[in-house]
Amino acid sequence: MRLHFVSKYPGWWLLIPLLICTLFLALSVGAYPLHPAKVADVFRRVLFQGSQTDIDAVVLLSIRLPRVLFGALAGAGLALGGVCMQTLFRNPLADPGLMGLSSGAALAAAAVTLFSSAAPTLLAHPLSMPLSAFIGGLAITSLVYRISHQSGKVRVDAMLLMGIAMNALCGALIGLLLVMADDAQLRNITFWSFGSLGRADLKSTALLGGIMLLPVWGIWRIRDAMNVLLIGEADAASMGVQVEKLKFCLVTLSCLMVGLVVAMAGLIGFVGLVIPHIARILFGVSHQSLVPSSVLLGAIFLPLVDIFCRTAVAPSELPIGMMTALLGTPFFIFLLLRTRSVA
Amino acid sequence: MMVLQNIQVSRSKRCILSAINLKLTPGEVTIVIGVNGAGKSSLVRLLSGEWQPDAGNISWQGTPLSSAPPLDMARSRAVVNQQADLRFDFTVREVVEMGRFPLRQTSPAQLELSIDTALEEVDLLRHAHKKCTRLSGGEQKRMLLARAMVQLTEARTAGEGVLILDEPTAHLDLRHQELLLQSMRNRAAEGLAVFAVLHDLNHAARVADQLVIVHHGCILKSGTVDDVMDPELLSGIYGIPLERVDTPGHCPNWISPAPQKKSSIPNPNLQNNHEKHLLIPTP
Amino acid sequence: MNYTVLCFIYTLCAFHHTAFSDRIVSLGSAVTEIVVALDADDQLVGVDDSSLFPEIPQEVPTVGYYRMVSAEGILSVRPNLILSTEDAGPPEAIQKIKNSRVPFVQVTAEKSLQATAERIRTLGETLHKEEAAEELLVPIENRIAHPLPPLDPAPRVLFIFARGGGSPSVSGKGTGADYMIQLAGAQNAVTAFKGYRPLTAEGLIISQPDVILITQEGLEAMGGEKALWALPGMANTPAGTHKRCVVMETVFLLGFGPNVVEAADYLRNGLEL
């Protein structure tokens, strides 16, 4: 396959060095003072002298490094999930939350918080929250998918309406749970829903990275079919695209990625909507460039936002879900205005 | 060769097509005419594989259509629909290039050539870098035709394939209508079977090797242009009086006599009691 | 010479694992309250959001809600001791703090006299304020050893928990409020369920409370006593008819800190009238 770059703008591969710089910046900045020189020193010591136990190394290696890597992976996963949804619904305003993924996860998380005292052995386990959120998100999405499945075909407009209905239903059920919650549980649920990268450790980061390889590779392989799908389902079918299989792949792969991120980090919205948009404006609409550019832009965006969340009110933290919305919108508007004036 | 045998299609308990028997011969242009709602577009959907017949069978080169793998069929058959649903800002060239999706044996150089030739044939080469959403309806139509031509690159080399077009001349200006009709003839000359639904009787008469009239879901008549185009038959179908006018050195014209209206203001458009019409010289 | 000896001795002390901790992070208001009561609040360098006590100096930063702390944030204030309740979280952040080898002491979060005593004892040992801790423990251990008899007749008390804007809830069994009601010698008007449920008119009438127990902050959030007595169904209860309520500050009633016996006595007095 030839790679062809949009002639007006630099290729997406320029994002790779930008990502490396962002990661290094994120490692060097935080509430705990760790200047770039110290960061380099810790890495050098680990490379040559094995594991270190001083506090600088602990902060860098077991707190900041997993968090930054997790943020990059989460950003990439959310952005790619957004690309899949926008292709599936053939609408640049589609978002992974449309299929009920986020609200299903939030409902499951709220239920676990509320009922953890009722079944302590099962529900008080630290894995119970992310696992339930993941299962909850997938369950709601599967329901939406199944109900829109008629005579062997999935009707995308029906799926959109079902997603809206499910979001409303989950919201109502969450409201019901909130009414029954006591103060502590209420705050827990609220904080979970704001999203935080602080729960990342090396194990969960490695898990996310490992599992995400499959959807990323899968989506890269079907990028041509995704391009063709954008022209219309009937046209795509006449060009040899197996449309139903493709739709199923898009739903499954994006839900896997986004579901995992939401389960581990809470609700971090807006990334799946804004990043692909920005990627399209900068690097073109074809999935040939959209897929890698969205992945890289997402991986750059989230750690940058997280730097702000970690440092603005240090030693406390701002919830990243709120910040993605607050920061993403004006930047997107700025980019849109700039492109319009250039064109 | 695509063969339809005893096709019956019903939707929502309504019979849309019945007793359809049709052969699409390689190298021939088959044109379907008929009034609105006769079932012409349904026939297109059937041939494109979007609809399955309730009775009868469709076969391509002897294999039933339903058992042919989608990618193989896409290499041999391309469809140009009435309308494009374009929501993303692909460039014209990117859309036309999507036609390469089913191709397997085409080298990048051959592909580039095919794209360039297709764009030139539909007169869009100078618009190749324009965003497809900024095109007019007619330009989008031409772009879809170019894409279909790229999709059939390997079929054209092998000399066997089907090109299906649904009202391809709609929204096109005169010049581009001519280009399109010429393009259809070119594809037939390459060995493809071309199938198109047309509304303009004159276009149909000029370009068809096999002409089919669809009326109320059935094939009323099919054959050569001279066999099928009978003034009485056509007037009966369309519900307006039609005449054929032959002018030496020009293609035959189907025209309708002017309506008799009592008016004190003479109508400058009337000429010999018929509406003015443009004559097209024989190619 | 003396100076050198002093430095040497100080350095030796610094290496001792129970060295004097002057940079303390405290998570959980129960813990912070005890730290303040033991007069160690000048050693605090970080507290959580819920630990808002007037004795804590303004400059001490907060490290977030105690169930959602930032590991790096806590470590950035360079504590040499971290105190918290067992339910601080998230678990991943707590694990990272433990990995950092900074001394980390967790106490039970249970809401009872015995648990309060245990907290005071543990924190007293950790902060080397055993004497002050013993003083605080006296009334608590007395009350454990010699519990007061229930009030006769035992009034039915309904605890209403109100948040600003949201609908109020009532406490059933097994909550901190339920414990305090029983400690004060009364009975919970609601025994049909555990935990908190929304307040309803029917629920109010069925439970027939003699006295309403409500927090200061909750009463203000509802709109004052007028709003309380105007609740639907309230007029059909003895509490509503006689307009009997006891108002206490949230931390005083539910803090389960060193003044837990004082709180129980205050409540008992209020109910006896």
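In strand 2 of chain C, C:G46 is the residue that forms a bridge with C:V25, in a model that is predicted. Strand 1 of chain C, residues 24-27, runs parallel to strand 2 of chain C, and the two pair over three bridges.

- Four strands of chain C form an open sheet in the order 2-1-3-4, and their pairing is parallel.
- Strand 2 (44-47) and strand 4 (104-107) of chain C are the edge strands, each of them pairing on one side only.
- From one strand to the next, the twist averages 20 degrees.

**The two domains of chain C**
- The domain assignment divides chain C into domain 1, covering 2-145, and domain 2, covering 156-272, and the C-alpha centres of domain 1 and domain 2 of chain C are 31 Å apart.
- Where these domains of chain C touch, 14 residues of domain 1 are in contact with nine residues of domain 2.
- On the domain 1 side of this contact in chain C, helix 2 (29-37), helix 5 (113-126) and helix 6 each supply at least two residues, and helix 2 of chain C provides the largest share, with five residues.
- By residue class, the side of domain 1 of chain C that touches domain 2 of chain C comprises eight nonpolar, three polar and three charged residues.

**Contact between chains A and C**
- Between these two chains, 27 residues of chain A are in contact with 31 residues of chain C.
- Helix 3 (55-88), helix 7 (156-180) and helix 8 (183-194) of chain A each supply at least two residues of the side of chain A that touches chain C, and helix 3 of chain A gives the most, with six residues.
- The side of chain A that touches chain C is made up of twelve nonpolar, seven polar and eight charged residues.

**Helix 7 of chain A**
- Helix 7 of chain A has 25 residues, which at 1.5 Å a residue should span 36 Å, and this agrees with its end C-alpha atoms, which are 36 Å apart.
- The buried residues of helix 7 of chain A are A:M159, A:M162, A:G163, A:M166, A:N167 and A:C170.
- These buried residues of helix 7 of chain A pack against helix 4 (101-115), helix 6 (128-147) and strand 2 (153-154) of chain A.

**Backbone geometry**
- Most peptide bonds are trans, and most residues other than glycine have a negative phi.
- The bond between C:G89 and C:P90 is a cis peptide bond, with omega about 0 degrees, and C:P90 lies in the loop between strand 3 (81-85) and helix 4 (91-99) of chain C.
- A cis peptide bond also joins C:D152 and C:P153, where omega is about 0 degrees, and C:P153 lies in the loop between helix 6 (130-145) and strand 5 (156-161) of chain C.
- A:R90, a residue other than glycine, has a positive phi near 50 degrees, and A:R90 lies in the loop between helix 3 and helix 4 of chain A; because 17 other C-beta atoms lie within 10 Å, A:R90 counts as partly exposed.
- B:S12, a residue other than glycine, has a positive phi near 50 degrees, and B:S12 is found in the loop between strand 1 (2-11) and strand 2 (14-24) of chain B; because 5 other C-beta atoms lie within 10 Å, B:S12 counts as exposed.

Definitions and conventions: Residues are numbered from 1 along each chain as its sequence is written. Chains are lettered from A and ligands numbered from 1 in the order in which they are written. This is a predicted model: local features need pLDDT of at least 70, side-chain atom pairs count only at pLDDT 80 or more; totals for chains, interfaces and linings use all residues. Two residues are in contact if their C-beta atoms, placed from the backbone, lie within 7 Å. Ala, Val, Leu, Ile, Met, Phe, Trp, Tyr, Cys and Pro count as nonpolar, Asp, Glu, Lys and Arg as charged, and the others, Gly among them, as polar. Two strands pair if DSSP finds at least two bridges between them. Axes are lines fitted to C-alpha atoms, for helices over the stretch in contact, and angles run from 0 to 180 degrees between N-to-C directions. The expected span of a helix is 1.5 Å times one less than its number of residues. A residue is buried if 20 or more other C-beta atoms lie within 10 Å of its own, exposed if 12 or fewer, and partly exposed in between; C-beta atoms are placed from the backbone. Domain bounds come from an automatic or database domain assignment.
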